[in-house]
Amino acid sequence: MDDHLLGWLTTLDEDRLTRVLANRPDAIAAPWPRRLDTLARRLGDTFAVMEVMRGLPLPPLEILQARLVIGERANAEDLARFLGVTTAEVLPWLDDLFDHALAWPGPDGRLHLAEAVARWWTAPCGLGEPLLSYLDSWTLNTEGLRRMSRALGLAPQGSKRQLISRITTVLSDADRLSALLHDAPDGTVSLLDEFAWDGPVRGVDGNRFIASGTPEKWAADRGLLYRTQWNIAEMPREAALALRGPDYHAPFTPEPPQLGTVPVDPEAVDHQMCLAAPHAVDRAAALLENTDKTPLPLLKGGGVGVREVRRVVKETGCTEDETRLLLEACAVARLLALDETAGGLVPTKRFDAWRLEDAPARLRALLAAWWRMERSSLRRTAGKYPTVLCDDPSGETVARIRWAVLATLAALPPDAAFASMPELVQAVHWRAPLLDRDLLAECCPAVLTEARLLGLVASDTLTALGRALAALGSAAAGDEQDETVPAVERDPGMVEASVHALAGAQRTALFGGDLTAVVTGPPAAELSGLLDRAADRESQGAASVWRFTSASVRRALDAGYTADSLLEELRAAGTIPQPLTYLVRDVARRYGEVTVTTVGCIIQGSDPALLAEIAGHRRLARLGLRLLAPTVLAGGAPAARTLAALRDAGYAPVPVDDSGEIAVRREPQGGRLILLPGGRVAELDEPHVHLTEPAPDPREHARRLAGAREEERHTGQTWAVIGRLATRLPTAQQSLLGFVVDRGVRALITLSDGLTATISHGELRRGVLDAWCEEAGDYLEFPLAEIASVTSG
């Protein structure tokens, strides 16, 4: 814990502390801190600090680098001077750093940084370590400092500290260093400039550092370069700054780069959104239905192969881009999962629930999956797409790029679109400068293409749906592996935008006498599903066309429709012409003239009387036996079950090779039955939804922390208090309880009345243990005398 940070937190009023906690929700996540010292430890956590820095734009990061260069003595005026701007220009960005607890002012005005900040930049502003770290290292003794002093024309007498002070003064002075370089060998200035501007660490020829008369040896003898390895050299910070000159200022770009725009028609953008959004839901349903019929096998190395992708494209009518994107989004949304028995990806039970939702809810599930997806489906590397559903080593960064791109576009007005991709990449990089620039340039076009397919972007600007999603930011994304329902699916703004995006979907069709159905505009998912079940899709776009054939109507009857039920649903979608009615009735009349039966096993015997006896046996009725021929019985149960039942009934059957056994891919698991469109029955468990915990209220926690007072604590007396009061516990369990108090470890306790609780972050107060209880989601008090056992959690 940083004492400077704790001291600053104690000076904050409720409003300022609220801003800090609002920007750092990680610091008040459960179990929430009860005291400012605990809060200070969380705010200073290395990983938490680095996560916050990833979300900052360029100006505050430039200020952090400048502060690292200047050192601990820096205040706001020093920073402004080093950056070449006025103090007023620096203060707003400094306040932003204060509100994120990455920096804070001391009582004397000096700026303190979180310790983890220095670990991010090994060379802030392209500058190396301070000169002192080289001069005061074990590799340079006092005699070496004296030799360096003589080379610099300084007195070699004095203590080590005095020698270091003199050398530092000379190498930090631009004028004295310039005068020193007048007598340097040819090539020294260019060598040092390379280190000063493109360093501080560069590869060198080690032999030149020991050869007399070379620029390398001349610079090393005077402390301007230091070899850390034979062929690696570094330049100290003070020397580089002196070589850059007194007019040098660290970069500071408080204004984002100019992003050229072109005007767009908001109504046209809205129209394109209303076309793309229902199309995405429709195509996702088609893909999932296809995998329900034909499992999607995975490659040995993981992912879905190109051949399978092209097969799905051909069978569903989706484009390749749509197929790649929606397969990955459906997998992240847990609508698709690997079924080893089936040999590939198949729809999950969550898909059964998804297709019973209304269309806006289905769309939000897809958008939530895309928002947290750690892959870019349409990113091309060396001109090739990645393997669908294959792990991406840059996955987390890809997700951050997606968030940054939409956040940048959200800053544009609704009637403006970005003019060029390079300018957009530059603007995104200003907003998220810690992202890899090359990866950003590679992913940005792919992110925009994916967003267009989902209705988030149209005409190179965000739609209303895209703005609602961008407003949620990265905090609403969640982790790709998270099973909870993301905030994207429940956000009121997203609900409103998704309903609007799907409001224009067509729910009626124009049925023609040529046995076609035409939908002028994006079809609603329900209408599209109905027509896909009963007809063959011929085209899609501004208008979609389906054609009814005998085979397509027979497919609908296979799915559970009768002629009357099919015609009834079609009439609800439009006026049915007489030829279509005739077609449906004619196919239904001939439907079932020939039957095909699936059996679990076949029983054969040479004695017709024996088989007739078995077929009429009461105890074997549950096997569903029926006589196909005098010596052949068909049973509905599998061979193993039939064999056991016959033996239990007193018969002596023998098993034979049975290669015709039916393998059921998805067996019912005790869920309830749901009637789906077309008479299909699906098993659907009661939805087991894990909702995300509501975000902690920063104001509430700030009020509590600001008013908190240090209560009496048994610091240093934990073991004595527990040993005196927790008399039911053996010594080993008393020690474990002490770790719950002193180190915040997790443990399971049982009270004398049998109550159990999982606790952590305990404190001792007046004979009770005040600890976080995971089951209650709050801090509870447990009397020490009533704790009967403690086990490791």
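Where does Arg766 lie? The points below answer this and describe three further sites.

1. This is a predicted model, in which local features need pLDDT of at least 70, side-chain atom pairs count only at pLDDT 80 or more, and totals for chains, interfaces and linings use all residues. Residues are numbered from 1 along each chain as its sequence is written, and side-chain values use heavy atoms, with hydrogens and water left out.

2. Arg766 lies in the loop between strand E24 (756–765) and strand E25 (768–773). Helices (H or I, at least four residues) and strands (E, at least two) are DSSP runs, numbered from the N terminus. Although Arg766 is not a glycine, its phi is positive, at about 50°. Arg766 is exposed, with a relative accessible area of 71%. Exposed means over 50% relative accessible area, buried means under 20%, and partly exposed is in between (1.4 Å probe, protein chains only).

3. Ala101 also has a positive phi, near 55°, in a residue other than glycine. The loop that holds Ala101 runs between helix H7 (87–99) and strand E1 (103–105). Ala101 is buried, and its relative accessible area is 1%.

4. A cis peptide bond links Ala30 to Pro31, with omega at about -5°. Pro31 belongs to the loop between helix H2 (14–23) and helix H3 (36–43).

5. Another peptide bond, from Gly199 to Pro200, is cis, and its omega is near 5°. Pro200 sits in the loop between helix H13 (188–198) and strand E3 (201–203).
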